[in-house]
Amino acid sequence: MANKKLYVGNLPFEATTETVRTAFEAYGTVHDVALITDRETGRPRGFGFVEMDAQAANAAIEGLNNKDFGGRDLTVNEARDRASGGGRNSGYGRN
């Protein structure tokens, strides 16, 4: 069965990979948790990604989206591929 990557937004800044993993494991096997930090300061950015089996991921979306986690209502949905271009290294302005 294929895995799905979930976007998890509005995380409290105190969230750790362990606390996020524990919350999502209630819905099935978690293959990976990645919490995003600021490149310059190393501080949490308040979002991350969780990879799970497709069926477990769907259950986690249903069970955790808009639910309280550490005092904040989570946003949980299927992650979309990043659009190319427009970023810091997109090549615009180069000769």
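Predicted model: local features only at pLDDT ≥ 70, side-chain atom pairs only at ≥ 80, totals over all residues.
Residues are numbered from 1 along each chain as its sequence is written, and side-chain values rest on heavy atoms, with hydrogens and water left out.

The protein chain contains 2 helices and 6 strands, taken as DSSP runs numbered from the N terminus (helices H or I, at least four residues; strands E, at least two), and these elements follow the order β-α-β-β-α-β-β-β from the N terminus on. Of its 95 residues, 28% count as buried, where buried denotes under 20% relative accessible area, exposed over 50% and partly exposed in between (1.4 Å probe, protein chains only). Among contacts (heavy atoms within 4.5 Å) with a separation of 6 or more, 64% are between residues 24 or more positions apart.

Within strand 1 (residues 3-9) lies K4, which is buried at a relative accessible area of 18%. The side chain of K4 is joined to that of N58 by a polar contact of 2.7 Å, a term that denotes a pair of N or O atoms within 3.5 Å, of which, within protein, one must be able to donate a hydrogen and the other to accept it, residues adjacent in sequence counting only if both atoms are side-chain atoms. Leaving aside residues up to four places away in sequence, K4 also touches residues including V50, M52, A57 and E78.

Helix 2 (residues 54-64) has A54, A56, A57, A60, I61, G63 and L64 as buried residues. The cover over these buried residues includes strand 1, helix 1 (17-25), strand 3 (44-53) and strand 6 (75-78). After helix 2 comes N66, with a positive phi near 65°.

The largest pocket holds about 290 Å³ of space. Of the 14 residues that line this pocket, Y7, F49, A79, R80 and R82 are the closest to its centre. A pocket is here an open set of points on a 1 Å grid over the protein atoms alone where a 1.4 Å probe fits, with protein on both sides within 12 Å along at least five of seven lines, and lining residues have an atom within 4 Å of a point. At least two lining residues come from each of strand 1, strand 2 (30-37), strand 3 and strand 6.

Conventions: Points joined across faces, edges and corners; volume = space filled by probe spheres on them.
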